[in-house]
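Visitor: I would like a close look at a single part of this model. Please keep it brisk, and go residue by residue.

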Amino acid sequence: MAAHIEEVEAPHETFDTILILDFGSQYTHLITRRLRELNVYSEMLPCTTKISDLTWKPKGIILSGGPASVYDADAPHADEKVFELGVPILGICYGLQEIAWRSCKENVVAGDAREYGYADVAALRVGGPADRLFEGMEDASQVWMSHHDKLSKLPDGFATIATTPNSQFAGIAHMEKQLFGIQFHPEVTHTIRGKKLLENFAVTICGAKQNWTMSNFVDQEISRIRKLVGEKGQVIGAVSGGVDSTVAAKLMKEAIGDRFHAVLVDNGVMRLNECQQVQQMLQEHLNINLTIVDGSKRFLDGLKGITEPEKKRKFIGNLFIDLFEEEAIRIEKAAENTPNAGKVEFFLQGTLYPDVIESISFKGPSATIKTHHNVGGLPARMMNGQGLKLIEPLRELFKDEVRELGRQLGIPEDLVMRHPFPGPGIAIRIIGEVTPERVEIARKADHIFISMIKEAGIYNEMSQAYAGVDTNKAVGVMGDNRVYGYIIILRAVTTTDFMTAEAYEFDFALLRKIATRIVNEVDGVSRVTYDITSKPPGTIELE
């Protein structure tokens, strides 16, 4: 995008950073998470990234796993310059094979059998710097394997530093260069001491400082925002009442005070009493200026006839920005001849790192899962430098980091722990066409669901919960009458980073009570189901 906050000074220019190059593994994002848990800043980029395009130098590089075979004609490969940067490199699974294949294109072969699941790895001491990767892990340790291809022989200059009963070369290291490879996945919790191995690489071998904390981030980010916006610039900010936009708004308020204008667009697909609750939270508790723009009719009219999820998101994203630009003009005029006079140039969004990861599309093994309304759903004029410029101060953060940032900023705990609510709102929780009737059904069902979860004292045990609507109708019997009603889909998941998720395991008696209330109290509903699909293969939202 044309104008992110990186124009001032990005985190990778302030904090020692480990760069992860993604070859398409379902686990790649976990490498980033584990490093940040160690207070080491890390960023993930596609494996096709050209080193010449980087404006910064990482302290080390990790090559992730991936589903391809390095010897295939269309297999993804890292830029040659990666190996000329002079920084330590760790290859994981496919990454190990990538390192070996570059040395000799005949030493990676298909294995006789796939190896998935647990294995016992034994570290071997070979002397010198090569021993640092498994330092403190010399005794046998359980690891997680997920591969088919394997090394048939060691590349020149390398030594074996770990083995398993089925993998002769479970760990390799170059005896002179800082090149390491492991066949297993240290980033998953199944690998007992995986986090220790990543610490050995990032801290001991790469020398990265463990100074990535939210308290440090707050000070640095406030300084960056002030430099970017300047002394007269004004910022308009999108808020929804969720933790992401609220934390972003509070951060902006701390940075530039009343020159920040929070705006809530009532898009007609908000939850029950959402606008009133957001107004109370932001104005009364956080002292943030808030304007509510009623765009409900424009949104609902425009959504008529749209059933395809991506078209819904694009339409909502485009109209979303239209209304904000209209509000920016109004704010600018209202501020004339006041101490806060200045042009509204910037637009604040609460985009998170998982949003960015899922919206990346590149010529490599990864694919776009869906367009997030605040990443890929923006109109072209915001992508080419015209109109408002984006500020996304949470863009490099995971959800748990945002919650900690909220605590650092003094946001109340009940708001910090509030479940996420997507920008497109209930529109992407209705499968098919969005109509006022279906929105009202979703609102009422969702209100019952969330209220009963809170009453049961289990709200904070799940990461996100909501009620959606399947616009197909099913037969029901009410009294002596045969009826056709909508199907309510209840969804509740647990997750740490929103990149993977599992369905929450409800007490069945509570689930039955919730279903009974919804069918009895929400007109037009004949059935209630509970979605137990994990992510992957599903997504957290329905569309």
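Visitor: Where does Pro-536 lie?

Guide: Pro-536 lies in the segment after strand E19 (525-531). Helices (H or I, at least four residues) and strands (E, at least two) are DSSP runs, numbered from the N terminus. This is a predicted model, where local features need pLDDT of at least 70 and side-chain atom pairs count only at pLDDT 80 or more, while totals for chains, interfaces and linings use all residues. Residues are numbered from 1 along each chain as its sequence is written, and side-chain values use heavy atoms, with hydrogens and water left out.

Start with the peptide bonds. The bond from Lys-535 to Pro-536 is cis, with omega near -15°. A cis peptide bond also joins Pro-536 and Pro-537, and its omega is about 15°. Pro-537, too, is placed in the segment after E19.

Other backbone details sit in loops elsewhere. Asn-39 is not a glycine, yet its phi is positive, about 65°. Its loop runs between helix H2 (28-37) and strand E2 (41-46). Asn-39 is partly exposed at 29% relative accessibility; the cut-offs are under 20% relative accessible area for buried, over 50% for exposed, and partly exposed in between (1.4 Å probe, protein chains only). Asn-273 also has a positive phi, near 60°. Asn-273 is found between strand E11 (260-266) and helix H7 (274-285). With a relative accessible area of 40%, Asn-273 is partly exposed.

Another loop joins E10 and helix H6 (243-256), and Ser-240 lies there. Gly-242 lies in that loop as well. Ser-240 is buried, at 17% relative accessible area. Gly-242 is buried too, at 5%. The backbone nitrogen of Gly-242 is 3.3 Å from a polar atom of the Ser-240 side chain. Leaving aside neighbours within four places in sequence, Ser-240 is in contact (heavy atoms within 4.5 Å) with residues including Glu-274 and Phe-421. The UniProt annotation "binding site", from an unreviewed entry, covers residues including Ser-240 and Gly-242; such annotations may be inferred rather than shown by experiment.

Now the strands. E10 (residues 234-238) runs parallel to E13, joined by four bridges; strands pair if DSSP finds at least two bridges between them. Gly-237 stands opposite Leu-348 in E13. E13 also pairs with E14 (residues 389-391), in the parallel sense, over three bridges. There, Phe-346 has Lys-389 as its bridge partner. Four of the five residues of E13 (residues 344-348) are buried, so E13 is largely enclosed by the rest of the structure.

Conventions. A polar contact is a pair of N or O atoms within 3.5 Å; within protein, one must be able to donate a hydrogen and the other to accept it, and residues adjacent in sequence count only if both atoms are side-chain atoms.
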